[in-house]
Amino acid sequence: MTAMKLPRRFFQPLATGAPAPFRDLPVRLERMIHFVPPHNDKVRARVPELARQVDVVLGNLEDAVPADQKLNARKGFIAMAKDADFARHGTGLWTRVNALNSPWLLDDLIEIVGEVGDRLDVVMVPKVEGPWDIHYVDQLLAQLEARAGVGKPILIHAILETAEGVANVDAIACASPRMHGMSLGPADLAASRGMKTTRVGGGHPDYRVLADPVAGGAERASAQQDLWHYTIARMVDACQANGIKAFYGPFGDFSDAAACEAQFRNAFLMGCAGAWTLHPSQVAVAKRVFAPDPAEVAFASRILAAMPDGTGAVMLDGKMQDDATWKQANVIVNLAKLVAA
Ligand code: GLV
Ligand code: MG
């Protein structure tokens with residue numbers, strides 16, 4: 001069997017009948033990529049139920065799986081892929097394989113594609129440094145799919161978590177027609193950059209800007225800044241320019257739901273489609289955040305109603321609307337439809 005021809009994009013263009021499509025609508029809602037440890041029998045037993053509650057279930061084989069459990073995690077993932085009917089619930093099935101320079105990656109792909117390639121939607125590849133890493137996985141997948149007779153191409157999702165990866169983000173985003181998207185990996189990226197933190201995502205109380213001195217010596221205001229703004233912006237631009245999706249990665253402080261929600265919301269407002277959920281409590285947070293605010297949807301709908309052909313300028317509540325706000329309104333309304341579907 002020969003390697004199959006891949007679709008350039010997995011997005012559908014907008015069907016508005018308006019001027020040329022400017023922005024693509026994700027076919028699949030992927031508000032959360034829910035991580036499960038496949039070597040843990042108790043967690044694995046809950047996966048069929050979980051498949052009804054989340055948009056994507058990901059079997060994690062990489063970091064957080066001890067070295068002596070790597071083979072069990074791989075076996076557990078294969079069992080979990082066979083046991084639950086993800087497709088029936090419209091739930092995505094992904095795996096995060098081990099890093100390319102690890103002793104496990106090659107067998108992760110050979111065994112998983114060979115056994116359950118037809119059920120697997122996306123392979124998440126960690127520590128991607130440049131397009132060469134994607135080319136390697138792309139070719140390997142083509143061989144393994146052809147050998148196993150897999151009927152639909154398995155997509156690739158890169159984790160952006162090294163300084164070199166960030167430097168090459170544009171080339172990674174367009175490295176293969178299999179590219180599904182990219183996630184920020186703040187923990188590894190912090191280490192790779194030499195940041196002085198010990199956290200998995202989120203902010204730091206000392207990363208702040210102090211306001212100018214105030215007359216009379218009154219206390220100066222200061223505000224904490226977002227450590228991840230720059231990388232998220234680069235990642236979103238690289239992804240959107242290539243028709244793929246950007247995601248915030250993990251938020252490791254399970255005791256701070258408010259900070260998790262704030263970090264997810266920043267990513268959502270900046271263009272991310274979803275985030276990773278590492279703990280069941282984060283699923284509800286992601287569902288809440290990665291869906292547009294009803295008040296925004298109502299206002300965006302008014303913009304669309306006021307500008308039926310998407311051109312010109314109108315005033316709504318004292319605010320000017322034109323072709324560009326019409327496009328923004330479409331993003332919001334289309335996402336709301338997808339969430340409601
Ligand atoms: C995720 O893999 C991270 O390193 O943050
Ligand atoms: Mg990592």
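Two strands pair if DSSP finds at least two bridges between them. Strands (E, at least two residues) and helices (H or I, at least four) are DSSP runs, numbered from the N terminus. This is a predicted model: local features need pLDDT of at least 70, side-chain atom pairs count only at pLDDT 80 or more, and totals for chains, interfaces and linings use all residues. Residues are numbered from 1 along each chain as its sequence is written, while chains are lettered from A and ligands numbered from 1 in the order in which they are written.

**Exercise 1. State the order in which the eight strands close into a barrel.**

Step 1. The order is S3-S4-S5-S6-S7-S8-S11-S12, with parallel pairing.
Step 2. From one strand to the next, the twist averages 25°. Axes are lines fitted to C-alpha atoms, for helices over the stretch in contact, and angles run from 0 to 180 degrees between N-to-C directions.
Step 3. Take one pair. Strand S4 (residues 56–60) and strand S5 (residues 92–96) share five bridges in the parallel sense. Leu58 stands opposite Trp94 in S5.

**Exercise 2. Identify the residues with the most contacts inside the largest nonpolar core.**

Step 1. Define the set. A nonpolar core is a set of buried Ala, Val, Leu, Ile, Met, Phe, Trp, Tyr and Cys residues joined through C-beta atoms within 7 Å.
Step 2. The largest core has 74 residues, and Val57 and Cys272 have the most contacts inside it.
Step 3. Follow Cys272. Two residues are in contact if their C-beta atoms, placed from the backbone, lie within 7 Å. Leaving aside neighbours within four places in sequence, Cys272 contacts Ile232, Val236, Ala246, Phe247, Tyr248 and Ala267.
Step 4. Another core, of five residues, lies apart from it; Ala300, Ile303, Met307 and Ala329 are among them.

Key: Buried ≥ 20, exposed ≤ 12 C-beta atoms within 10 Å, placed from the backbone.
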